[in-house]
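Please read it alongside the sequence and the coordinates shown here.

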There are 2 protein chains.
Amino acid sequence: MLNRLAIEQLEKRRRAALINCLPGFKSVVLVGTVDSQGDTNLCVVNSCFHVGASPALLGMIIRPAPEGTERHTLDNILSTQHYSLNAVSSTMAQRAHHTSARFRRDQSEFDECGFEPTTIDGTPAPFVSDSPLKIGLRLQEHQLLAVNGTHLVIGSVEQLSFANNVWRDDGTLDLTGMDLVAGAGLDGYHDVGSGRRFAYAKPDNAPREI
Amino acid sequence: MLNRLAIEQLEKRRRAALINCLPGFKSVVLVGTVDSQGDTNLCVVNSCFHVGASPALLGMIIRPAPEGTERHTLDNILSTQHYSLNAVSSTMAQRAHHTSARFRRDQSEFDECGFEPTTIDGTPAPFVSDSPLKIGLRLQEHQLLAVNGTHLVIGSVEQLSFANNVWRDDGTLDLTGMDLVAGAGLDGYHDVGSGRRFAYAKPDNAPREI
């Protein structure tokens, strides 16, 4: 058992590695943005989460990195109000991780990491052409969290693009059919096997598998 | 391609199913709490995310469900300031999903869904005995998000419990070694294969596998 003091006393990189593993397997997406000069930016983020379905809202956390690529992303979102989230498939994982390097503002991670940008429906934010699930968002809420000065960014879903054959009749997406990876910590990308789904849960019985 | 209007026009359950799939594979944890009478509560949550490593902070979104189990969870967190997050392994998945049923306040999901509660280090929140990764948190920030009235809850990590053999020398946890599942949408629980890890990314080269 580690208590708070023992956690604080861990060497900085070990502590970051440990704490980033605590949510378990997690979302990993590429955030696409553009600045006012038209320069594109792409950044891997593993803190994307569901905020609401009606209206459709997604949130993410962005660190206040003084020189990191993430500041370019935040600056671009704040100035254009638009950004894209692009799901990461197995063949994209190594290139997606490369976007976490500290590229200069005049370098585009699309070019440097081998992704082709594409546009959807005239929205300004660039999408990742080979991502099987592309989500266009408009900024709805931005705040500096008092607790540690990180940025909370929430956007509304304005465009959605995916292949017809991964959309099931009940509305769910076949994430394994898209070959999406699950994130682990700061540097892990895991292939995911077929899963089990359970019926809407009721108090009296264990939910049946569907 | 679906635009915002097409998304809004989807039937309510189909829309919720679709939008909940957008983050891709995601974190799934059981939140353990206790009320002022000592009655325990357990609730599956799939919106847990990393907020910071120093201090160690985790966030989650809780819906304003008028009669749902999640309100019990939120009430308990606000009144006791303590809660636990318990990672979900493959053998726990069906029982974890069962906790999403609308149990009465006087029913404990620990009893009803087949989980044994345990305590750690004298903290009031109950932990799930058979979870391979138990996290004790103290409430640090709670706010109603203006954008849609959901609750953002951020806590500091006060206790951590896991087996020694899943903690690597570099600080990361072996999530597959713990047999953790990845969540999909509202009802999917996927087994995860061994992953790839990539070195700290630098601009000039594609990150090597480690």
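Helices (H or I, at least four residues) and strands (E, at least two) are DSSP runs, numbered from the N terminus. The model is predicted, and local features need pLDDT of at least 70, side-chain atom pairs count only at pLDDT 80 or more, and totals for chains, interfaces and linings use all residues. Residues are numbered from 1 along each chain as its sequence is written, chains are lettered from A and ligands numbered from 1 in the order in which they are written, and side-chain values use heavy atoms, with hydrogens and water left out.

**Chain A as a whole**

Chain A contains five helices and 12 strands. Its radius of gyration is 18 Å, close to the 17 Å that the globule rule gives for 210 residues, so chain A is as compact as a globular protein of that length; the radius is taken over C-alpha atoms, and the rule is 2.2 Å times the number of residues to the power 0.38. The C-alpha trace of chain A spans about 55 × 50 × 30 Å along its principal axes. Of the 210 residues of chain A, 61% count as buried, where buried means under 20% relative accessible area, exposed over 50%, and partly exposed in between (1.4 Å probe, protein chains only). Among the contacts in chain A with a separation of 6 or more, 57% come from residues 24 or more positions apart, a contact being heavy atoms within 4.5 Å.

**The two copies**

Chain B is superposed on chain A by a rotation of 180 degrees with 0.0 Å of shift along its axis, at an RMSD of 0.0 Å. The two copies are thus related as by a two-fold rotation axis, the superposition being made by least squares on the C-alpha atoms of residues with pLDDT of at least 70 in both. The same surface serves both copies, since 99% of the contact residues of chain B recur in chain A.

**Backbone features in loops**

| Residue | Backbone feature | Loop |
|---|---|---|
| P55(B) | cis bond with S54(B), omega about 0 degrees | between β4 (49-53) and β5 (56-62) of chain B |
| D179(B) | positive phi of about 65 degrees | between β10 (151-162) and β11 (181-184) of chain B |

D121(A) counts as exposed at 53% relative accessibility, whereas D179(B) is partly exposed, with a relative accessible area of 39%.
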